[in-house]
Amino acid sequence: MSISMTSTAAAVAVALLVVAGGAGLAAAGTSDLCGLAETAFGECTAYVAGGEPAVSRRCCRALGDIRDLAATAAERRAVCACILSEMLAAGDGRVDSGRAAGLPAACNVRVGFIPTSPNFNCFRVR
């Protein structure tokens, strides 16, 4: 009976380690996703803040990359929040809402989770 209890306890301990390891990987994945999205959107921040007269090809390529990063609603919300943070930091809080909202059309990239104003609610992204 004690052998059975020890085996069961060991199995539970291994299961907990696997679950904890998976949670760590998920957290690291979100962090990596955020870093990638912020770096990519860096190509668009000058335009969105009003510092560039036109959308660059690099920005449009980055927008496509960002779209491809986020396959699930949770990933889209996370990427949205990261981009919003990058947008506000890089533009010193200035965001031209018209330019931000027009990025997908200007780049011909279908993406619906790009923040369009400084107070954009990323939690509403689906």
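View 1. C44 is placed in the loop that runs between α1 and α2, where helices are DSSP runs of H or I with at least four residues, strands are DSSP runs of E with at least two, and both are numbered from the N terminus. This is a predicted model, in which local features need pLDDT of at least 70 and side-chain atom pairs count only at pLDDT 80 or more, while totals for chains, interfaces and linings use all residues. Residues are numbered from 1 along each chain as its sequence is written, and side-chain values use heavy atoms, with hydrogens and water left out. C44 counts as buried because its relative accessibility is 0%; buried means under 20% relative accessible area, exposed over 50%, and partly exposed in between, with a 1.4 Å probe and protein chains only. Not counting residues up to four places away in sequence, C44 touches C59 and L103, contact being heavy atoms within 4.5 Å.

**View 2. The packing of α3 against α5.** Helix α3, residues 57–69, packs with helix α5, residues 97–107, at an angle of about 95°, and their axes are 10 Å apart. Axes are lines fitted to C-alpha atoms, for helices over the stretch in contact, and angles run from 0 to 180 degrees between N-to-C directions. The angle therefore makes α3 roughly perpendicular to α5, given that 65 to 115 degrees counts as roughly perpendicular, under 35 as roughly parallel, over 145 as roughly antiparallel and the rest as oblique. From α3, the residues C59, C60 and L63 meet L103, P104, A106 and C107 of α5. Sorted by class, this contact of α3 with α5 has seven nonpolar residues, no polar ones and no charged ones; Ala, Val, Leu, Ile, Met, Phe, Trp, Tyr, Cys and Pro count as nonpolar, Asp, Glu, Lys and Arg as charged, and the others, Gly among them, as polar.

**View 3. L103 and the largest nonpolar core.** The largest nonpolar core has 28 residues, and those with the most contacts inside it are F41, V48, I66, V79, I83, L103 and I114. Such a core is a set of buried Ala, Val, Leu, Ile, Met, Phe, Trp, Tyr and Cys residues joined through side-chain atoms within 4.5 Å. At least two residues of this core come from each of α1 (2–41), α2 (45–48), α3, α4 (73–90) and α5. Leaving aside neighbours within four places in sequence, L103 is in contact with F41, C44, Y47, V48, V55, C59, L63 and I114.

View 4. E86 lies in helix α4 and counts as partly exposed, at 21% relative accessibility. Not counting residues up to four places away in sequence, E86 touches E38, G42 and T45, and the C-alpha atoms of E86 and E38 are separated by 5.8 Å despite being 48 residues apart along the chain. S85 is also found in helix α4 and is partly exposed, with a relative accessibility of 42%.

**View 5. N108 in the segment after α5.** N108 is found in the segment that follows α5, and with a relative accessible area of 72% this residue is exposed. Although N108 is not a glycine, its phi is positive, at about 55°.
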